Amino acid sequence: MRKLLIGFSLLVLLVSCGQSYEETKRLSREQRLKLAREDSAALKVAVMPTLDCLPIFIAKDHQMFDTAVDIRLKRFTAQMDCDTALMRGRVEGSVTDLVRAERMKKLGDSLTYFTATNAYWLLISNRQARITQLKHLDDKMLAMTRYSVTDLMGDLAVDSAKLKPERVFRIQVNDVNIRLKMLENNEMDAMLLTEPQATQALLQKHKVILDSRKEDIQMGAIVFRGKGMDDQNRKKQMVAFLKGYNEACDSINHYGVRHYRDVIKKYYTVSKQALNALPDSLKFTHATPPRQKDIERAQKWLLKK
C-alpha cells in the first residue's frame with residue numbers, strides 16, 4: 001500500500017511538473033508574440049556608427065523623441081545590412097547614401113527621402129604606402145563598398161588620375177569598423193571613410209588624397225519605405241521623428257559635437273583622442289530633401305555601372 005501511495009504521489013508530481021512546463025512554454029510563446037507585435041508596430045530605423053547618425057542617437061538617448069511614440073533604433077556596422085533590413089521590411093527607415101538609395105529604388109523598392117545629411121567621405125591613403133596623389137593608386141588596393149558613394153568616389157579618383165580601372169584593386173569591406181582596422185594594421189593601401197572613422201585615421205598620420213566636400217558631392221541621406229507608411233500611427237511616428245531629429249540638430253549646433261561624449265562613447269568605437277579631435281564646428285541642418293543634382297549624379301553613375 002505504501003508503495004502504491006508513493007507511486008501515486010510521484011505521478012501527481014510529474015503531471016504537475018508537466019503542466020508547469022507547458023504553462024511556461026505557453027507564457028513564453030505569448031511573450032514572444034507580444035514583443036513581436038510591439039516591434040512590428042514601432043517605427044524602426046537602421047543606423048550605423050557614423051557621425052551622420054548622431055542626431056538620431058542623441059534624440060533617442062536624450063528623450064527628444066516623444067516618449068509616447070515607440071521609435072526603435074536597429075544598429076548595424078555595414079550599410080549593406082541596413083539596406084537588407086530596409087528592403088525586407090524589418091525597418092521602416094535607414095541612414096544611407098544617394099547611390100545606395102537610388103539603386104534600391106531601381107530594384108523596385110518604394111523609398112522616400114526624409115532628409116539629406118552632412119556626411120562627407122575622405123579617400124585616405126596608408127602612410128606606409130607612400131601614396132600622396134591619386135595617380136599613386138596604380139597597382140594599389142582600395143577598400144570601399146560596391147554600389148555606394150564610396151564606389152562612385154573610387155571611380156572619380158581613377159578617372160581624375162587617368163588610371164586604368166583594372167589597375168586599382170577595389171576590395172569590398174562593408175563593415176566600417178573593420179575597414180578602419182585594416183588601415184591601422186597596414187592591411188590596405190587606401191580606403192574611403194566618413195566620420196568618425198576618418199578622424200581616427202588622420203590622427204595616425206594617414207593622408208587625405210580626395211575629399212567629397214571639395215568635389216561638391218553631398219550624398220548622405222535618410223530614407224523611409226513608401227509602403228505601409230500611410231496609416232495614422234505611422235504618420236504620428238514620423239511627426240515625432242521629425243521633431244526629435246530637428247531638435248537634436250539644433251542642440252548639436254548649439255553645444256557642439258563633443259558636448260555629447262556620452263552618446264559617442266556609447267555608439268561609436270573611437271579612441272579618446274579621436275573623440276576629442278572630432279570637428280566640433282560640424283553643423284547639422286534640419287530635415288531637408290537632397291539636392292536634385294546629387295540625386296541625378298547618383299542616377300547617372302548607376303546607369304554607367
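Strand β5 (residues 122-125) and strand β9 (residues 207-211) run antiparallel and are joined by four bridges. Strands here are DSSP E runs of at least two residues, and helices are H or I runs of at least four, numbered from the N terminus. Two strands pair if DSSP finds at least two bridges between them. I124 stands opposite V208 in β9.

This is a predicted model, in which local features need pLDDT of at least 70, side-chain atom pairs count only at pLDDT 80 or more, and totals for chains, interfaces and linings use all residues. Residues are numbered from 1 along each chain as its sequence is written, and side-chain values use heavy atoms, with hydrogens and water left out.

β5 also pairs with strand β8 (residues 190-193), again antiparallel and through four bridges. Here S125 faces A190, and L123 has L192 as its bridge partner.

In a regular strand the side chains alternate between the two faces of the sheet. Both faces of β5 are covered. L122 and I124 are buried on one side, L123 and S125 on the other. Buried means under 20% relative accessible area, exposed over 50%, and partly exposed in between (1.4 Å probe, protein chains only).

The open sheet has five strands in the order β7-β6-β8-β5-β9, with mixed pairing. β7 (168-172) and β9 stand at the edges with a single partner strand each, so one side of each has no neighbour in the sheet. Neighbouring strands are turned by 25° against each other on average, direction ignored. Helix α5 lies across β5, β6 (140-144), β7, β8 and β9, at about 170° to β7. Contact means heavy atoms within 4.5 Å. Axes are lines fitted to C-alpha atoms, for helices over the stretch in contact, and angles run from 0 to 180 degrees between N-to-C directions.

Now the pockets. On a 1 Å grid over the protein atoms alone, a pocket is an open set of points where a 1.4 Å probe fits, with protein on both sides within 12 Å along at least five of seven lines; lining residues have an atom within 4 Å of a point. A volume is the space filled by probe spheres set on the points.

| Pocket | Volume | Lining by class |
|---|---|---|
| Largest | about 310 Å³ | nine nonpolar, six polar, three charged residues |

Asp, Glu, Lys and Arg count as charged; Ala, Val, Leu, Ile, Met, Phe, Trp, Tyr, Cys and Pro as nonpolar; the others as polar.

Of the 18 residues lining the largest pocket, T117, N118, A119, Q218 and T285 lie nearest its centre. The lining of the second largest pocket includes D155, R297 and W301. α5 (149-160) and α11 (292-304) each supply at least two residues of that lining.
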